[in-house]
Amino acid sequence: ESRMSGDKDPDFDLIMEESLVNNEYPQAKLDEARASDKPCLMAQICTKEMWDKYKDTKSSGPASWTLARAINTGVMYPSSFVGCHAGDKESLDEFQDFFYPVIKLYHKGFDPEQPAELDPEHMNPDKITTDLSESA
């Protein structure tokens, strides 16, 4: 019903925080988030300098992702743990100065710039030494 009346549906429509709609750095909201006991990862990384570097950039991928869209969830919901997301694979690399530090904070010990080489034997089921039940 709300879709027919023209109202935004928070479970369906993209609802952007007002400063981000205007392509403005959400300074007050990020300062407030950073002052909390557990600021989301996005708030820890997205400085004004970072914003200025990427604010007019769109990813080359199918989403044409922007930093504003990437950080929108964390600005609107600052108590979220991560507070950002990539819209397409390309945005991860094209906004790497933002996303890579977030990835490193979330995945302790993983560096997206130097991923560990995969050993093909690592996934060999014959190497499982635990007795698995039939239901496993």
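## Cysteines, core and helix packing

Cysteine 40 has 1% relative accessibility and therefore counts as buried (under 20% relative accessible area, with exposed over 50% and partly exposed in between; 1.4 Å probe, protein chains only). The model is predicted, so that local features need pLDDT of at least 70 and side-chain atom pairs count only at pLDDT 80 or more, while totals for chains, interfaces and linings use all residues. Residues are numbered from 1 along each chain as its sequence is written, and side-chain values use heavy atoms, with hydrogens and water left out.

**Exercise 1.** Determine how many disulfides the structure holds, and explain the result for cysteine 40 and cysteine 46.

*Solution.* 
1. A disulfide requires two cysteine sulfur atoms within 2.5 Å.
2. For cysteine 40, the closest cysteine sulfur is that of cysteine 84, at 7.5 Å, which is too far for a bond.
3. For cysteine 46, the closest cysteine sulfur also belongs to cysteine 84 and lies at 8.8 Å, again too far for a bond.
4. Cysteine 46 is buried, because its relative accessibility is 0%.
5. The count of disulfides is 0.

**Exercise 2.** Describe the secondary structure of the protein.

*Solution.* 
1. Helices (H or I, at least four residues) and strands (E, at least two) are taken as DSSP runs and numbered from the N terminus.
2. The protein has 8 helices and 0 strands.
3. Along the sequence, the pattern reads α-α-α-α-α-α-α-α.

**Exercise 3.** Identify the residues with the most contacts inside the largest nonpolar core and the elements that build this core.

*Solution.* 
1. A nonpolar core is a set of buried Ala, Val, Leu, Ile, Met, Phe, Trp, Tyr and Cys residues joined through side-chain atoms within 4.5 Å.
2. The largest such core has 24 residues, and Leu30, Met42, Cys46, Trp51, Leu67, Ile71 and Phe98 have the most contacts inside it.
3. Two or more residues each come from helix 3 (27-35), helix 4, helix 5, helix 6 and helix 8.
4. Helix 6 gives the largest share, 5 residues.
5. Beyond its neighbours within four places in sequence, leucine 30 is in contact (heavy atoms within 4.5 Å) with Tyr25, Met42, Ala43, Cys46 and Val75.
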